[in-house]
Amino acid sequence: MRWTVSAWVVTSLIFRFAAYFIGGLTGAMIGTKLATVLQPGDKNWALSMIVAAALCVSGAFLADKFRARALLWLTSIGGASMILSGLGRMGDLVFLREPEPGGQQITATLAWIGLSVCGWLAQRRLFAERLGIEPEADEPPSRNIGGKWPSR
């Protein structure tokens, strides 16, 4: 009996702090990418750490407070950051990881925003029911019409 109660308490705590942890982790990732993309030339490490820590704490508290909605945004922005950093390590796309001031910086920022929005839209479409979002107008109606299944 003791083990059952202990397991229940530990599991409850893990699930309670999971959103907080994931929000903090993605916030830190977003902060480091933001500091990398927006600081031209030599990076100021102190400023980068302050930005990363601030976004880490902000992401953790937002994820804890707003759960699914905040995690939807945080994971789409953080995921776009990881994808672009990974692409930046391949071949001629170094500017996606460490852009030079000017055109590369603007291109990398716009690519990050565009990929984040695409990730947000994909998650929103895939998890609409879980998030309590109404289906979009261009989607076909559900097969269950008026509580009865349509006949063929």
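**Exercise 1.** Determine at what angle helix H1 and helix H2 pack, and how far apart their axes lie.

*Solution.* Helix H1 covers residues 2-38 and helix H2 covers residues 45-66. Helices here are DSSP runs (H or I, at least four residues), as strands are runs of E of at least two, numbered from the N terminus. The two pack at an angle of about 150°, and their axes are 6 Å apart. Axes are lines fitted to C-alpha atoms, for helices over the stretch in contact, and angles run from 0 to 180 degrees between N-to-C directions. H1 is therefore roughly antiparallel to H2, given that angles under 35 degrees count as roughly parallel, over 145 as roughly antiparallel, 65 to 115 as roughly perpendicular and the rest as oblique. The residues of H1 in this contact include Gly23, Gly24, Gly27 and Gly31, and those of H2 include Ala52, Leu55, Cys56 and Gly59. Contact means heavy atoms within 4.5 Å.

The model is a predicted one, in which local features need pLDDT of at least 70 and side-chain atom pairs count only at pLDDT 80 or more, while totals for chains, interfaces and linings use all residues. Residues are numbered from 1 along each chain as its sequence is written, and side-chain values use heavy atoms, with hydrogens and water left out.

**Exercise 2.** State which residues of H1 and H4 make the contact between these helices.

*Solution.* First, the geometry: H1 and H4 pack at an angle of about 155°, with 9 Å between their axes. This angle makes H1 roughly antiparallel to H4. Next, the residues: H1 contributes Ile30, Lys33, Leu34, Val37 and Leu38, whereas H4 contributes Gln105, Thr109 and Trp112.

**Exercise 3.** Describe how H3 and H4 are oriented to each other.

*Solution.* The angle between H3 and H4 is about 135°, and their axes are 8 Å apart. H3 and H4 are therefore oblique to each other. Among the residues that meet are Leu72, Trp73 and Ser76 in H3 and Leu115, Gly119 and Trp120 in H4.

**Exercise 4.** Is Trp120 buried or exposed, and which residues does Trp120 contact beyond its neighbours within four places in sequence?

*Solution.* Trp120 belongs to helix H4, residues 103-126. Its relative accessible area is 18%, so Trp120 is buried; buried means under 20% relative accessible area, exposed over 50% and partly exposed in between, with a 1.4 Å probe and protein chains only. Leaving those neighbours aside, Trp120 is in contact with Leu72, Trp73 and Ser76. The C-alpha atom of Trp120 is also 8.3 Å from that of Thr75, although 45 residues separate the two along the chain.

**Exercise 5.** Locate Arg67 and identify the residue with which its side chain forms a salt bridge.

*Solution.* Arg67 is placed in the loop between H2 and helix H3 (68-88). Its phi is near 45°, a positive value in a residue other than glycine. The partner is Asp64, at 3.7 Å from N to O. A salt bridge is a side-chain nitrogen of Lys or Arg within 4 Å of a carboxyl oxygen of Asp or Glu. Arg67 counts as partly exposed at 30% relative accessibility, and Asp64 counts as partly exposed at 24%. The search of the whole structure finds 1 salt bridge.

**Exercise 6.** State how many helices and strands the chain has.

*Solution.* The chain has 5 helices and 0 strands. Of its 152 residues, 24% are buried.
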